[in-house]
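Visitor: I would like a quick walk through this model. Can we take it by question and answer?

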Amino acid sequence: MTVADADVDRIVREEYGRVVATLVRRFGDVDLAEEATGEALLVAVQNWRRDGLPPNPGGWLVTTAGNRAIDRIRRESVRDARQKEALVLTPESTDPLGAVDDDRLRLIFMCCHPALAVEARVALTLRLVAGLSMAEIASAFVTPETTMAQRLTRAKRKIKAARIPFGVPFAHDLPARVSSVAAVIYLVFNQGYFATTGDVPLREELCDEAIRLARLLRRLLPDEPEVTGLLALLLLTDARRPARFDDGTLVPLAEQDRSRWSRPLIAEGHELVRECLRRQRPGYYQILAAINAVHTDGEATDWRQVLALYDQLMIVAPSPVVALNRAVALAEVEHPAAALAEVDALDLVPYHAWHATRADLLRRLDRPVEAAGAYEAAIALADNPAEREFLRGRMGTLD
């Protein structure tokens with residue numbers, strides 16, 4: 001792939017959500033916005049690879065997609081002539097859009113309306129805001145692609161039928177949506193930080209977009225500790241980004257070069273964690289942020305603090321995945337055998353991290369044959385190319 005091809009692909013990934021959100025605001029139709037954006041992106045890939053990038057690629061995409069949408073409206077005989085003319089001539093919606101002047105955050109709030117099923121909220125946001133493909137979303141939900149496509153179609157129909165507004169809701173409606181909004185921002189970040197499809201292990205544009213949205217959400221809800229915790233979590237996690245990969249292979253936390261971590265992000269994240277602690281209203285994202293604060297404090301991780309925080313997280317938001325991460329800390333504080341007993345009791349067989357954790361514990365317990373089997377299972381299930389290389393390397397060290 002040439003440099004020009006890489007630039008085109010990067011811009012397409014980065015601009016997708018912004019273009020869709022702009023068109024939803026202008027035309028009030030999710031399907032129309034998505035279809036017109038897709039057409040504009042196809043034209044962009046063809047033209048830009050032949051003629052080079054325009055001076056303002058994002059603006060070019062918005063204009064081209066808007067023109068495509070107008071063409072579609074004019075072609076649809078089922079629309080009332082007056083409505084068609086109004087949509088064509090009115091570039092901006094006159095509806096109240098809320099307190100935050102950001103189309104993508106407004107789009108997330110629309111996608112996270114309580115009228116939609118929880119899974120549909122997340123999947124729709126990943127599609128429209130993050131620009132993930134249907135295959136990527138289906139993989140994230142461990143669901144057939146056709147099933148996921150049907151869910152998204154139903155969700156978009158629900159938005160149209162229920163006339164769910166595009167915008168940040170009023171103050172009394174915020175609590176019903178903020179947890180879903182935070183969840184999808186976190187998922188967007190994770191999809192970037194640990195890409196599950198494609199040949200790249202990390203998608204920086206998704207990490208950056210998730211952090212930008214988390215900052216906007218905190219501006220909207222400065223007194224909501226879970227929103228503060230979410231931003232802290234993303235910053236402290238992203239601070240380790242420069243040291244996470246080496247020549248296409250994942251580098252585990254214990255082996256990362258801490259001098260490469262971003263000290264400004266760590267300082268900001270720690271201050272936000274301290275703010276959460278002062279509020280004394282612990283929640284899921286706040287505790288995860290506190291765990292990451294321990295990991296980024298000093299030259300080594302205090303695993304006893306991490307284990308204590310996971311104990312608290314198991315009370316606030318228990319789940320098999322939280323229990324798996326707690327077992328990793330338990331192995332450091334007590335013994336790998338104690339951790340393995342807890343891992344084996346978890347019903348996480350389809351989850352690659354469960355096999356990878358078992359493999360590492362079995363390796364440390366000098367049980368190489370069992371460890372090799374666990375590594376093979378983890379490699380088969382892992383979607384991230386850098387993690388597969390890491391697991392193969394660990395497997396190669398077994399006697």
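Visitor: In which helix is Leu 330 found?
Guide: Keep in mind that this is a predicted model. The helix in question covers residues 320-333. Leu 330 is found in helix H15.

Visitor: Is Leu 330 buried or exposed?
Guide: The cut-off for buried is under 20% relative accessible area. Leu 330 has 3% relative accessibility. Therefore Leu 330 counts as buried.

Visitor: Which residues is Leu 330 in contact with, leaving aside its neighbours within four places in sequence?
Guide: The C-alpha atom of Ala 308, 22 residues apart along the chain, is separated from that of Leu 330 by 9.7 Å. With neighbours within four places set aside, the contacts of Leu 330 are Leu 307, His 335, Ala 338, Ala 339 and Glu 342.

Visitor: Is Arg 326 buried or exposed?
Guide: Buried means under 20% relative accessible area. Glu 342, at 35%, counts as partly exposed. Arg 326 has a relative accessible area of 16%, so Arg 326 is buried.

Visitor: What separates Arg 274 and Glu 271 along their helix?
Guide: These two form a salt bridge, with the closest N and O atoms 3.0 Å apart. Arg 274 is partly exposed at 42%, and Glu 271 is partly exposed at 36%. Both lie in helix H12 (residues 263-279), three residues apart. The separation is therefore about one helical turn.

Visitor: How many salt bridges does a search of the whole structure find?
Guide: One of them joins Arg 367 and Glu 370, with the closest N and O atoms 2.9 Å apart. Asp 31, Glu 34, Arg 127 and Lys 156 are linked in a network of salt bridges. A search of the whole structure finds 34.

Visitor: How far apart are the end C-alpha atoms of helix H2?
Guide: Helix H2 (residues 30-51) has 22 residues. At 1.5 Å a residue, H2 should span 32 Å. The computed distance agrees with that: 31 Å.

Visitor: Which residue caps the N-terminal end of H2?
Guide: Look for a side-chain oxygen at the backbone nitrogen of Asp 31. Such an oxygen lies 3.1 Å away. The N-terminal cap is Asp 29.

Visitor: At what angle do helices H9 and H13 pack?
Guide: H9 covers residues 174-193 and H13 residues 284-295, with their axes 12 Å apart. Ala 182, Ala 183 and Tyr 186 of H9 meet Tyr 284, Tyr 285 and Leu 288 of H13. The residues of this contact divide into six nonpolar, no polar and no charged. The angle is about 35 degrees.

Visitor: Which side chain is joined to that of Glu 387 by a polar contact of 2.8 Å?
Guide: Glu 387 lies in helix H19 (residues 385-396). Glu 387 is buried, with a relative accessible area of 9%. Leaving aside neighbours within four places in sequence, its contacts include Phe 194, Leu 250 and Ala 382. The polar partner is His 352.

Notes
Residues are numbered from 1 along each chain as its sequence is written. This is a predicted model: local features need pLDDT of at least 70, side-chain atom pairs count only at pLDDT 80 or more; totals for chains, interfaces and linings use all residues. Side-chain values use heavy atoms; hydrogens and water are left out. Helices (H or I, at least four residues) and strands (E, at least two) are DSSP runs, numbered from the N terminus. Buried means under 20% relative accessible area, exposed over 50%, partly exposed in between (1.4 Å probe, protein chains only). Contact means heavy atoms within 4.5 Å. A polar contact is a pair of N or O atoms within 3.5 Å; within protein, one must be able to donate a hydrogen and the other to accept it, and residues adjacent in sequence count only if both atoms are side-chain atoms. Axes are lines fitted to C-alpha atoms, for helices over the stretch in contact, and angles run from 0 to 180 degrees between N-to-C directions. Ala, Val, Leu, Ile, Met, Phe, Trp, Tyr, Cys and Pro count as nonpolar, Asp, Glu, Lys and Arg as charged, and the others, Gly among them, as polar. The expected span of a helix is 1.5 Å times one less than its number of residues. A salt bridge is a side-chain nitrogen of Lys or Arg within 4 Å of a carboxyl oxygen of Asp or Glu.
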